[in-house]
Amino acid sequence: MSGVADDERAWWKEATVYQVYPKSFDDSDGDGVGDLPGLIDRVDYIDELDVDAVWLNPVYESPQADNGYDIADYRAIDDAYGDMSDWEQLRDELHERGVRLIMDLVVNHTSDEHEWFQRSRREVREYADYYHWVESEPDEPPNDWESVFGGPAWSWDDEREAWYLHLFDEKQPDLNWANPDVRESVYDMMAWWLSKGIDGFRMDVINLVSKAEGYPDGGPDSDGAEHFMNGPRVHEYVGEMVDEVLDDEAVLAVGETPGVSVDDARRYVGEDGDGLSLLFQFEHVTFDHGEHKFDADEPDLVEFKEILAKWQDGLADDGWNSLYLNNHDQPRMVSRFGNDEAYRRKSAKLLGTLTHTLGGTPFVYQGEEIGMTNAPFESREDLRDVEVRNYVESAVDDDDGHADSYEDVREAVEAMGRDNARTPMQWADDDHAGFTDGEPWIDANPNYTEVNVERARADPDSVLQYYRDLAALRDRDLLVYGDFELLVPDHPNLFAYTRTLARERDDESGTAANATDAPARERALVVLNFDDEPTSFEVPPDMTVDGLELALANGEVPAVPGRTLDLGPWEARVYLTPALDGSTTDATTRTDR
Ligand code: NOJ
């Protein structure tokens with residue numbers, strides 16, 4: 001029995017979430033675009049991963065200016081993906097297997113094709129203030145805010161003869177959350193989806209919904225973010241949304257919150273916060289960016305550890321972390337933080353070990369579990385994503401752009417572009433990786449001949465098999481609720497830490513034969529070598545070497561560990577120490593509860 005109080009537990013703390021980008025997952029009808037029937041065919045595959053929930057990227061009706069993050073109808077499924085009965089079948093098939101379904105909620109903005117925007121631009125009375133409109137001169141945008149995708153955050157609308165705000169693409173106008181009718185419409189829509197039996201929402205850029213009144217300029221060296229990131233009324237809005245529609249602890253509410261600090265995060269997810277379950281912070285996936293995300297440096301491990309440890313400690317007693325290195329907006333983790341050539345499999349396993357053994361809820365992005373890598377984009381015609389296309393255009397075509405040709409920016413595009421995450425899921429060594437019988441909307445990574453599910457399934461040493469072991473490892477309360485402590489913070493190649501869980505003394509079972517009154521504890525030691533060279537690690541003096549029991553490793557390990565652990569390139573090891581009261585650590589897997 002572990003010392004985790006019942007009111008501390010939540011299904012989503014103990015869960016692993018698998019993220020599906022449906023457009024690139026599986027195409028059932030040969031039109032080159034992944035769809036819901038294709039995903040339904042793969043539900044058994046997802047179930048085999050032993051994950052607890054699926055987060056589905058947007059499948060709503062959309063003109064696809066930003067691959068579905070531009071929604072034209074929140075209550076309809078886009079034809080390209082199928083229809084509502086397909087979605088219902090997906091929900092049921094997941095639920096039958098005990099897998100929950102989390103939907104993407106994109107309410108900072110809609111598509112300009114949404115009927116709300118269409119009415120708003122015609123100034124239909126109750127919709128006139130649904131968006132941020134400013135009636136200044138046509139050649140004078142209201143302020144200097146910049147769009148995340150490059151260029152000004154304002155566009156002129158000829159019909160209304162006014163400027164409207166779009167923090168993303170011009171086809172993604174921002175909703176005006178200061179208008180209570182907007183908020184009510186959003187809450188109604190959320191309640192409607194909840195009534196359809198979903199298990200939670202992942203909330204797109206939810207910390208951008210409140211904009212400073214009067215739209216002040218950002219000033220020198222600012223894109224204006226200080227006036228809309230964690231804006232003045234954001235906690236009022238998010239708190240209200242939780243009270244109105246999410247006041248059920250069984251519903252997972254994950255906020256996507258770029259630019260939050262640990263203190264900000266507590267205001268969203270802490271005990272006295274707005275009531276979100278957890279959030280995606282960005283520090284550990286942006287610290288390598290230069291002035292722009294496309295001039296990123298090699299990530300420095302010491303800094304990476306410092307950031308992750310800060311978040312582990314910062315939310316340890318108040319709030320909850322999400323654990324991710326990949327998603328549909330990030331380059332592939334093996335290419336960015338690992339070695340996607342000589343040590344692709346090893347480093348993929350090592351990075352998976354990290355995201356499954358820190359404190360928080362792991363999110364696994366499709367393809368991560370087979371070690372998918374960044375892709376080559378030989379010409380700019382191969383690019384699909386609005387952000388990367390805008391970047392290439394501004395770098396190469398603009399008069400003040402810094403590049404002469406695509407070749408000059410290709411390396412940056414291949415390192416950081418979002419299309420890396422969106423190439424088709426690699427199912428098999430068949431045409432287009434087995435993703436489609438037609439022409440895929442984006443080319444498959446040519447390494448699908450080697451890196452694919454079919455191969456991984458047949459190979460006992462594959463990343464896929466290892467991910468199943470990771471899922472089993474997390475059945476321990478220790479790895480969900482244990483306290484985190486960073487070891488060797490300044491070591492340039494080693495990421496090492498412990499997780500420690502106090503255990504209740506259980507007199508009846510006789511397992512409390514602890515000579516002292518000290519609470520019994522169990523502990524995990526995680527040691528990860530982030531380098532192509534071998535290295536060694538000294539087991540800390542407060543751990544007995546005799547008691548170290550290997551729980552998982554991605555390489556050959558000596559049967560009896562010495563005080564010095566020698567690790568080969570990209571080697572990952574997880575040791576458990578038996579509880580001090582003499583019972584085995586296995587006694588507290590959750591399946592036993
Ligand atoms: C964050 C989403 O993850 C990203 O894909 C999208 O482009 C922006 N928000 C805008 O919705």
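These questions and answers cover the pockets and the ligand site of a predicted model.

Trainee: What kind of model is this, and how are residues numbered?
Mentor: Local features need pLDDT of at least 70, side-chain atom pairs count only at pLDDT 80 or more, and totals for chains, interfaces and linings use all residues of this predicted model. Side-chain values use heavy atoms, without hydrogens and water, and residues are numbered from 1 along each chain as its sequence is written.

Trainee: What volume does the largest pocket have?
Mentor: A pocket is an open set of points on a 1 Å grid over the protein atoms alone, where a 1.4 Å probe fits, with protein on both sides within 12 Å along at least five of seven lines. Points join across faces, edges and corners, and the volume is the space filled by probe spheres set on them. For the largest pocket that gives about 1,500 Å³.

Trainee: Which residues lie closest to the centre of the largest pocket?
Mentor: Lining residues have an atom within 4 Å of a point. The largest pocket has 46 of them. Closest to its centre are Val-148, Phe-149, Asp-223, Lys-293 and Glu-387.

Trainee: Which helix gives the most to that lining?
Mentor: Helices here are DSSP runs of H or I, at least four residues, and strands are runs of E, at least two, numbered from the N terminus. Helix H8 (283-286) and helix H12 (386-397) each supply at least two lining residues. The top contributor, with five residues, is H12.

Trainee: Which strand supplies the largest share of the lining of the second largest pocket?
Mentor: This pocket holds about 1,200 Å³ of space. Its 44 lining residues include Trp-12 and Trp-320, both among the closest to its centre. Helix H9 (301-314), helix H17 (477-481) and strand S14 (483-487) each supply at least two residues. The largest share, four residues, comes from S15.

Trainee: How much of the ligand's accessible area does the protein cover?
Mentor: Start with polar contacts, pairs of N or O atoms within 3.5 Å. Oxygen atoms of the ligand lie 2.5 Å from a polar side-chain atom of Asp-66, 2.9 Å from one of His-109 and 3.0 Å from one of Arg-202. Accessible area comes from the Shrake-Rupley method with a 1.4 Å probe. Of the 290 Å² that the ligand has on its own, the protein covers 98%.

Note on methods: Polar contact = N/O pair within 3.5 Å; in protein donor to acceptor, adjacent residues only side chain to side chain.
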